[in-house]
Amino acid sequence: AEASDDYGLLEHGVVKCAFAGAYAPFTMQNAEGNWDGLAVRVFTEMLNRLDLKYEPVITKWETLLVGLFADKYDILCGTMDITKERQERVLFVDGWLESGGRLIVSKDSDIKTIDQFKGHTMGVLVSSTWAELAKPLEPSETKYYQSESDAMRDLTNNKIDGVITDSIAAAWAIEHTGLSLRIVPGYLSRIQKGWAAKQDHVALVKALNEQFAAIVADGTYAKLTSELVGYSPHPEKPIRSLDD
């Protein structure tokens, strides 16, 4: 890690990486107590290729940016959404994952496209943005649930015809619970996740961008993510952090 000094790291050869604890399937602890998940697998792969050590730092979500600006760690490597407001304060690594609202139906449903949902019954999480996303699909009725697991159960039992939820959360549930459900092609909304560093950490972000592009190109990204959620959530048009 001879080049690590050029990255402005707090400790030579070590990237102190902060996130807000367990949030499946992005950050999770395995039976041995080690951290795993989408964000962990992809980020550590990049660091390995840079000969840098990964050191997780667990802190509260609301204090992540405060700690970053106070130099308590080098980068935020959990699941922060890339927004214009945040881009004014931090420097993101290129968007590494795309998520958003997706329509979930039973595996044997006749609904193959979003446009075919008109007139069917929709289930959404109460006090979420999913109900607004459902309106253009013109459901005959929208039912509100206290938990998405309840909505998924009613969908499995054919009490409703579809559920709108987060793409990654849906893929994780389908892959790991054995539910007989599928995701209808197409996003109802989109958001990209990014890893955030201080704005003066240009060299570190540039190096991570280069390694991220490499693991996408050689298929490593698709392999690491598909093992967990059944598909590659790589953004179609990643939000770029630096000019070429």
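Predicted model: local features only at pLDDT ≥ 70, side-chain atom pairs only at ≥ 80, totals over all residues.
Laid along the principal axes, the C-alpha atoms take up a box of roughly 60 × 35 × 35 Å. Of the 244 residues, 47% count as buried, and the chain exposes about 12,000 Å², with carbon and sulfur atoms supplying 48% of that area. As for contacts between residues at least 6 apart in sequence, 71% join residues at least 24 apart.

Now for the aromatic rings. A search of the whole structure turns up six aromatic pairs. One of them is Phe19 with Trp35: the ring centres sit 5.0 Å apart and the planes meet at 85°, so this pair is edge-to-face. Phe19 belongs to strand 1 (residues 14–19) and Trp35 to strand 3 (residues 35–36), which puts the partners 16 residues apart and makes this a link between distant parts of the chain. Both Phe19 and Trp35 are buried.

Phe43 and Trp195 make up another edge-to-face pair, at 5.2 Å centre to centre and with 65° between the planes. Here Phe43 comes from helix 1 (residues 38–49) and Trp195 from strand 13 (residues 191–197), so the pair ties together parts that are 152 residues apart in sequence. Phe43 has 0% relative accessibility and counts as buried; Trp195 is buried too, with a relative accessible area of 0%. These two rings also belong to a cluster, in which ring pairs link Phe43, Tyr54, Trp96 and Trp195.

A couple of rings have a charged side chain over the face. Arg102 lies over Tyr187, at 4.4 Å from the ring centre, while Lys193 lies over Phe26, at 5.9 Å from the ring centre.

The cysteines come next. The structure holds one disulfide, which joins Cys17 to Cys77 with an S to S distance of 1.3 Å. The torsion about the S-S bond of Cys17 and Cys77 is about 90°, so the disulfide is right-handed. Cys17 lies in strand 1 and Cys77 in strand 5 (residues 75–81), so the bond ties together parts that are 60 residues apart in sequence. Both Cys17 and Cys77 are buried.

Finally, a few backbone details in the loops. The peptide bond from Ala24 to Pro25 is cis, its omega being near 0°, and Pro25 is found in the loop between strand 1 and strand 2 (28–29). Positive phi values turn up in residues other than glycine as well, including Asp51, where phi is near 60°, and Asn158, where phi is near 65°. Asp51 lies in the loop between helix 1 and strand 4 (53–58) and, at 57% relative accessibility, counts as exposed. Asn158 is found in the loop between helix 5 (148–156) and strand 11 (162–166), and this residue also counts as exposed, at 58% relative accessibility.

Note on methods:
Residues numbered from 1 in each chain as written. Heavy atoms only, no water. Phe/Tyr/Trp six-rings, centres within 6.5 Å; stacked < 30°, edge-to-face > 60°. Helix = DSSP H or I, 4+ residues; strand = E, 2+ residues; numbered from the N terminus. Buried < 20%, exposed > 50% of the residue type's maximum accessible area, 1.4 Å probe, protein only. Lys NZ or Arg CZ within 6 Å of the ring centre and 35° of its normal. Contact = heavy atoms within 4.5 Å. Areas by Shrake-Rupley, 256 points an atom, 1.4 Å probe, with all protein chains shown as cover. Disulfide = S-S within 2.5 Å.
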